[in-house]
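Biologist: I'm new to this one. Can you show it to me and walk me through the inside?

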Amino acid sequence: MNLTSTSMSKLTIRRITILAMLAALLTVGRITFTMIPNVQPNTTILILASFVLGPVQGVILAILSTLTTNFFLGHGIWTFGQMIAWGIIAVMSGLLGKYRHRIPWWIMSVYASFCGFLFGFIMSVLMGGVLTQKFWPYYLASLPFDLNHAVGNFVFFVVLYKPLLYIMEKQINNNIDKNAAY
């Protein structure tokens with residue numbers, strides 16, 4: 001059975017409810033931290049949720065949370081870029097989730113920080129490169145914000161990794177010994 005059909009077959013009412021609650025958590029988290037540019041718990045929570053949910057449901061969560069937060073913060077062409085960037089991070093994290101128990105938490109913290117820079121790079125490619133053909137000015141101007149995102153991800157990951165991962169594994173898999181949903 002392939003990855004998509006396996007992940008989608010596990011999309012029960014319970015899973016849909018958990019996805020909706022996580023999307024609400026991401027929405028509140030992102031809106032709460034809007035006063036600090038690019039510092040938000042979204043990417044970190046998405047990474048942790050994708051570890052447990054798997055890549056397909058992680059992408060669903062990325063799309064849902066982007067749409068709901070942008071209802072409050074404003075929709076635009078960047079919404080599609082955000083969905084793509086967070087979707088790529090969700091896929092990477094969902095695939096990495098199989099190995100999360102073998103990788104030290106501090107390496108995972110560095111990975112979360114890297115995802116902050118990756119998000120900014122993807123947005124720069126999509127918004128500065130594809131749309132305006134001015135990648136380098138767009139990318140260089142975004143680096144301070146990407147640094148904020150990376151540092152924020154690192155801090156949120158250090159704080160949330162163990163407690164949030166424990167809660168998600170227990171609630172989503174009904175057993176903290178299970179691996180990611182594949």
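This is a predicted model: local features need pLDDT of at least 70, side-chain atom pairs count only at pLDDT 80 or more; totals for chains, interfaces and linings use all residues.

Biologist: Okay, how many residues are in the largest nonpolar core?

Modeller: The largest nonpolar core has 34 residues. Those with the most contacts inside it are Leu22, Ile47, Leu48, Phe51, Leu61, Phe157 and Met168.

Biologist: And which elements give two or more residues to this core?

Modeller: Those are helix H2 (13-32), helix H3 (42-53), helix H4 (55-73), helix H5 (78-96), helix H6 (105-131) and helix H7 (135-173). The largest share, 9 residues, comes from H6.

Biologist: Switching to pockets: how much space lies in the largest pocket?

Modeller: About 460 Å³. It has 24 lining residues, and the closest to its centre are Arg30, Asn38, Gln82, Phe119 and Met123. The elements that each give two or more residues to that lining are H4, H5, H6 and H7.

Biologist: What classes of residue make up that lining?

Modeller: By class, the lining of the largest pocket has 13 nonpolar, 9 polar and 2 charged residues.

Biologist: What about the second largest pocket, what's its volume?

Modeller: About 150 Å³. Its lining is made of Arg14, Ile18, Met21, Leu22, Leu164, Ile167, Met168, Gln171 and Ile172. H2 and H7 are the elements giving two or more residues there.

Biologist: Which element gives the most to that lining?

Modeller: H7, with 5 residues. By class, the lining of this second pocket counts 7 nonpolar, 1 polar and 1 charged.

Note on methods. Residues are numbered from 1 along each chain as its sequence is written. Side-chain values use heavy atoms; hydrogens and water are left out. A nonpolar core is a set of buried Ala, Val, Leu, Ile, Met, Phe, Trp, Tyr and Cys residues joined through side-chain atoms within 4.5 Å. Buried means under 20% relative accessible area, exposed over 50%, partly exposed in between (1.4 Å probe, protein chains only). Helices (H or I, at least four residues) and strands (E, at least two) are DSSP runs, numbered from the N terminus. On a 1 Å grid over the protein atoms alone, a cavity is a set of points where a 1.4 Å probe fits but cannot get out, and a pocket is an open set with protein on both sides within 12 Å along at least five of seven lines; lining residues have an atom within 4 Å of a point. Grid points are joined across faces, edges and corners, and a volume is the space filled by probe spheres set on the points. Ala, Val, Leu, Ile, Met, Phe, Trp, Tyr, Cys and Pro count as nonpolar, Asp, Glu, Lys and Arg as charged, and the others, Gly among them, as polar.
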